[in-house]
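Try each task before reading its solution.

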Amino acid sequence: MRVSRILTFNGREYVVNTPPFVEQTYALGLLLHGGGGDGETFRAGMNIGSTVGEDTILVFPTATINQDGFPAWNSGGPFNPLADDITYLNSLLDAMIDTGRVDVDRMYLFGHSNGAMMCYRIICENTTYTFQGSDVGKFVTTSTQWLVTC
């Protein structure tokens, strides 16, 4: 049975959803909520823990509060331009990998809305980690002005 825990890293909450640990390494999924959301609500609403395999650790970080008073990722647009989310997410991944439980060749990325835009930015700008698969779902816009170009 999978277990979810709310933890804090560098002053921000994140949820980690894990299978029962045995002596092995696990795939890691980094899942980013949309603007106005948080990691725990995203985890609970997706119910992905019941469908993912027992060989995957899921991490649901929470964005910082932006100038309008709600959580948002610095995805390259006006949503949260002062947050250093690339550094934060790389540091969170470093901490997860340092446990010795993560297979760095099996890391995946998923985002919803503002989280999808952040995934796109990570894919374009992150030189620390490579993700084996990405799903930037549920992002709809009529303008590309807020997208980071690779």
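**Pairing around a strand**

Leu7 sits across from Tyr14 of β2. Keep in mind that this is a predicted model.

**Exercise 1.** Work out which strands pair with β2, and in what sense.

*Solution.* Start with β1, residues 3–9: seven bridges tie β1 to β2, and the two run antiparallel.

**Exercise 2.** Decide whether Thr18 is buried or exposed, and list its contacts beyond four places in sequence.

*Solution.* First place the residue: Thr18 belongs to strand β2, residues 12–18. Its relative accessible area is 5%. The cut-off for buried is under 20%, so Thr18 counts as buried. Leaving out neighbours within four places, Thr18 touches Met1, Arg2, Val3, Arg5 and Ile57. Then zoom out to the strand: six of the seven residues in β2 are buried.

**Exercise 3.** Check the span of α3 against what is expected, and find its buried residues.

*Solution.* Count first: α3 covers residues 114–125, twelve in total. From first C-alpha to last, α3 reaches 16 Å, close to the 16 Å expected at 1.5 Å a residue. Now for burial: the buried residues of α3 are Asn114, Gly115, Ala116, Met117, Met118, Cys119, Arg121 and Ile122.

Methods: Residues are numbered from 1 along each chain as its sequence is written. This is a predicted model: local features need pLDDT of at least 70, side-chain atom pairs count only at pLDDT 80 or more; totals for chains, interfaces and linings use all residues. Side-chain values use heavy atoms; hydrogens and water are left out. Helices (H or I, at least four residues) and strands (E, at least two) are DSSP runs, numbered from the N terminus. The expected span of a helix is 1.5 Å times one less than its number of residues. Buried means under 20% relative accessible area, exposed over 50%, partly exposed in between (1.4 Å probe, protein chains only). Contact means heavy atoms within 4.5 Å. Two strands pair if DSSP finds at least two bridges between them.
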